[in-house]
Amino acid sequence: MTDHDLRVRFDAALRRQWGDAVVTESDPRPADPSFGPGAFEVDLSVDDPSGVPPGMLGPLLLRVPEEHDAGAADAERAALELCAARGVTAPAVVASLAPNDAEPPMLLTTRPHGTLFVEVLQQAERADQEIREMAVYQLDLHQIRLSDEEAAVLGTLDLDAELAGLAGTGLDPAVAWLERSRARGELDGPAVLCHGGIQPFTLSREDTVDGERLMARNWTSAVGAPADYDVAASMVSFWAAPYFAERRSDRLVMKVVRDLLSREYLSRYEQDRPVERSRLEAWTVFHTAVLAARSNGTYHGPRPRVTEVPDDLVEATAKHALRLTRQLRR
């Protein structure tokens, strides 16, 4: 779909929702990668501001789900509405739009426009202190324990389907290891709101009515799952970060910084919520295996989103997943 084709579809969805009162001023523009897949910046013209949601008058982001992931916009909307109801800083839902009943909805939200948190860390005198703010933000999310109704709307992690999606990917030892961990209860826990990808590249520092606050920019991986699932996802993102450095010297520096920041992040998180090491290890193996399978295109689980990573990270992630299963006896 070209940007112009998307504009035609978006125009039709706007007319269906608001008639001629709201129109697009230009073709949707692909957004910064920090906003996640299928994200576009849009500019709208509004005839009567009193007739539209207030968030529509600021910078906006349009999420266009891929065909194989038609429910992604619904899950993202549910996560953002949970945040709004519980006082967690997040983009605001403006509308869910579709040009007709046959197509999956697109999600229109306010667009964060503050400083990327990775840039805040790069400029900070003490990045190890700044990273503690990320842990606090994640703790706020994990205070949102989901009711059965909320879990049904958001969606919960289907561990059976996830492990089946890793079978035959060359990671069978990791899958067997995870099954043993599961039998020990190490992948259990009450479902809370999990972002699924809290890390410095997906956060920005925003000016809000309550002062400067961190805000997650990409909610496409939000899911109901045990809190340890989310903590492990962040720890794996720290591990993978150096592979995105272009120069070998930068990569070596990032490995040192990575270890410092991940320790400080986990230390701050555990001040409010202690983490059992066996559970953290189990979910770390899980996320590493899923990243490996997604990276090399062999993942066939319930969340078939494309993951683009540096070439050398593809091989390194698979090796790391198998190495962990040998080091962490089960």
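This is a predicted model: local features need pLDDT of at least 70, side-chain atom pairs count only at pLDDT 80 or more; totals for chains, interfaces and linings use all residues.
L203 belongs to strand β10, which covers residues 203–208. Strand β11 covers residues 211–216, and six bridges join β10 to β11 in an antiparallel run. The two strands form a hairpin, with two residues between them.

Strand β10 also pairs with strand β8, which consists of residues 115–116. This pairing is antiparallel as well and rests on two bridges. One of the facing pairs is T115 and R205, the latter in β10.

Strands of a sheet pair through backbone hydrogen bonds, in either a parallel or an antiparallel way. Here an open sheet is built from five strands in the order β2-β3-β5-β7-β6, with antiparallel pairing. Its edge strands are β2 and β6, each of which pairs on one side only.

Within this sheet, strand β5 (residues 60–63) and β7 are joined in the antiparallel sense by four bridges. L60 stands opposite T110 of β7. Helix α1 packs on the sheet and touches β2, β3 (39–42), β5, β6 and β7. The direction of the helix makes about 100° with that of β6.

The whole structure holds 24 salt bridges. One of them is formed by the side chains of R7 and D27, at 3.5 Å from N to O. How accessible is R7? R7 counts as partly exposed because its relative accessibility is 22%, and buried would require a value under 20%. D27 is also partly exposed, at 28% relative accessibility.

A second salt bridge brings together the side chains of R16 and D101, with a distance of 2.3 Å from N to O. This pair links distant parts of the chain: R16 is in helix α1, and D101 is in the loop between β6 (93–97) and β7 (106–110), 85 residues apart. Are R16 and D101 buried, partly exposed or exposed? R16 is partly exposed, with a relative accessibility of 45%. D101 has a relative accessibility of 72% and therefore counts as exposed, since the cut-off for exposed is over 50%.

Which residue forms a salt bridge with E81? The partner is R77, and the closest N and O atoms of the pair are 2.8 Å apart. E81 and R77 both lie in helix α2, which spans residues 72–86. They are four residues apart, about one turn of the helix.

E81 has a relative accessible area of 39%, so E81 is partly exposed. R77 is partly exposed too, with 28% relative accessibility. Elsewhere, salt bridges that share partners join R7, D11 and D27 into one network.

Methods: Residues are numbered from 1 along each chain as its sequence is written. Side-chain values use heavy atoms; hydrogens and water are left out. Two strands pair if DSSP finds at least two bridges between them. A salt bridge is a side-chain nitrogen of Lys or Arg within 4 Å of a carboxyl oxygen of Asp or Glu. Buried means under 20% relative accessible area, exposed over 50%, partly exposed in between (1.4 Å probe, protein chains only). Contact means heavy atoms within 4.5 Å. Axes are lines fitted to C-alpha atoms, for helices over the stretch in contact, and angles run from 0 to 180 degrees between N-to-C directions.
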